[in-house]
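Subject: Structure handover

Hello,

Here is the structure for you to look over. My notes follow below it.

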Amino acid sequence: MNLRQWIKYLVYGYAPGLSGSFPYFGVRVFFTRGSKSFRAACEQGVFESSNVRVLNHFVQPGTWMFDVGCNIGLMSVPVLRQFPEVSVLAFEPSANVLPSLQRTVVHNPFGDRWRLVPKAVGAAVGKTSFCLSSRRDSLFDGMKNTRRAPLAAEVQVEVTTLDCEWRNLGCPRVTMIKCDVEGAELSVLTGAASLVRDCSPAILLEWNSINLQAYECDPSELLKWAADTGYDIHALPHAIQVRTSRELELSMLYTESFLLLPVTVQGEIQKARVVEQSQ
């Protein structure tokens with residue numbers, strides 16, 4: 001970190017009366033002491049800025065974004081600030097960050113446009129064990145122990161599905177799903193079959209080989225899901241299309257961020273590019 005970033009980190013991380021929250025896109029974001037999420041925001045300025053650009057590009061005014069694995073809210077806030085007609089439904093079950101996130105959502109300036117579901121998301125409604133790391137390593141909390149951080153505790157949490165919560169909202173139009181749940185991403189997609197079929201949202205997905213091993217999930221399962229649902233897969237940040245298991249394997253050596261787009265949307269993008277090139 002440079003000097004300015006260090007000052008920000010020290011002031012909001014440790015200064016009496018100021019520590020525990022920091023300004024982010026005009027929102028007071030709360031966090032636990034030592035949080036790697038907070039440190040990353042200080043270092044990067046905009047947390048995962050390339051992914052934020054993807055969210056801002058594909059979410060549409062007057063629709064919803066579902067933020068699955070919200071952590072302290074660093075991906076939801078920029079979208080809510082950029083689009084005053086977009087609503088976000090955030091999901092976060094981790095006791096390491098949930099108290100901080102709840103404070104941020106309660107005191108947010110966006111009103112009812114930002115709602116929180118304090119549950120895990122999966123393929124079916126129920127309960128499941130949930131693995132907690134230290135508060136510092138809350139980015140690695142999930143339904144399985146991926147061993148990317150030491151296990152601190154294992155607790156029971158409620159599980160919902162995106163289809164269930166979508167129906168609870170009255171089946172609004174959802175144009176963006178961001179999903180980062182440390183290996184359980186395929187379960188999230190399985191539990192969103194109706195939403196995906198009816199809304200065809202863009203999906204920003206973490207797909208990490210270490211996380212997937214804990215779920216005994218072959219990475220190529222993403223290709224099967226995409227083929228079955230009519231989606232294309234693009235490796236970020238350069239949006240390189242992934243069509244085969246070998247291409248996916250190679251892409252995962254360099255990134256864990258993938259963008260899933262309905263084939264119809266991809267066709268529209270290609271047509272727009274052809275028009276641009278012909279002008």
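Asn71 is buried, at a relative accessible area of 10%. Buried means under 20% relative accessible area, exposed means over 50%, and partly exposed is in between (1.4 Å probe, protein chains only). Asn71 has a positive phi of about 55°, although it is not a glycine. Look for Asn71 in the loop between β3 (64-68) and α4 (76-82). Helices (H or I, at least four residues) and strands (E, at least two) are DSSP runs, numbered from the N terminus.

Please keep in mind that this is a predicted model: local features need pLDDT of at least 70, side-chain atom pairs count only at pLDDT 80 or more, and totals for chains, interfaces and linings use all residues. Residues are numbered from 1 along each chain as its sequence is written, and side-chain values use heavy atoms, with hydrogens and water left out.

Backbone points

Ser200 also has a positive phi, of about 50°, and is not a glycine. Ser200 sits in the loop between α8 (193-199) and β10 (202-206). Ser200 is partly exposed, with a relative accessible area of 32%.

Where is the peptide bond cis? It is the one from Leu236 to Pro237, with omega near 15°. Pro237 belongs to the loop between β11 (231-235) and β12 (240-242).

Helices α1 and α2

Two packed helices are described by the angle between their axes and the distance between the axes. Helix α1 (residues 3-14) packs against helix α2 (residues 36-44) at an angle of about 150°, and their axes are 8 Å apart. Axes are lines fitted to C-alpha atoms, for helices over the stretch in contact, and angles run from 0 to 180 degrees between N-to-C directions. So α1 is roughly antiparallel to α2. The cut-offs: angles under 35 degrees count as roughly parallel, over 145 as roughly antiparallel, 65 to 115 as roughly perpendicular, and the rest as oblique.

The crossing of α1 past α2 is right-handed. That term applies if the near helix is turned clockwise from the far one by less than a right angle; anticlockwise is left-handed. On the α1 side, the contact is made by Gln5, Trp6, Lys8, Tyr9, Tyr12 and Gly13. On the α2 side, Phe38, Arg39, Cys42 and Glu43 make it. Contact means heavy atoms within 4.5 Å. By class, this contact has five nonpolar, two polar and three charged residues. Ala, Val, Leu, Ile, Met, Phe, Trp, Tyr, Cys and Pro count as nonpolar, Asp, Glu, Lys and Arg as charged, and the others, Gly among them, as polar.

Tyr12 lies in helix α1. Leaving aside its neighbours within four places in sequence, Tyr12 is in contact with residues including Leu18, Phe22, Pro23, Arg28, Phe31 and Phe38.

Nonpolar cores

The largest nonpolar core has 44 residues. Phe66, Leu162 and Trp207 have the most contacts inside it. Helix α10 (residues 221-229) gives the most to this core, with four residues. A nonpolar core is a set of buried Ala, Val, Leu, Ile, Met, Phe, Trp, Tyr and Cys residues joined through side-chain atoms within 4.5 Å.

Which residues does Phe66 touch, beyond its neighbours within four places in sequence? Among them are Leu89, Phe91, Leu162, Trp166, Met176 and Leu195. Another core, of 40 residues, lies apart from the largest one, and Leu55, Leu80, Phe110 and Leu259 are among its residues.

Phe130 is in strand β7. At 4% relative accessibility, Phe130 counts as buried. Phe130 and Gly142 are 12 residues apart along the chain, and their C-alpha atoms are separated by 5.7 Å.

Is Arg197 buried or exposed? Arg197 counts as exposed, at 58% relative accessibility. Arg197 is part of helix α8.

Ala124 falls in the loop between β6 (120-121) and β7 (126-132). Leaving aside its neighbours within four places in sequence, Ala124 is in contact with Val159, Thr160 and Thr161.

Best wishes
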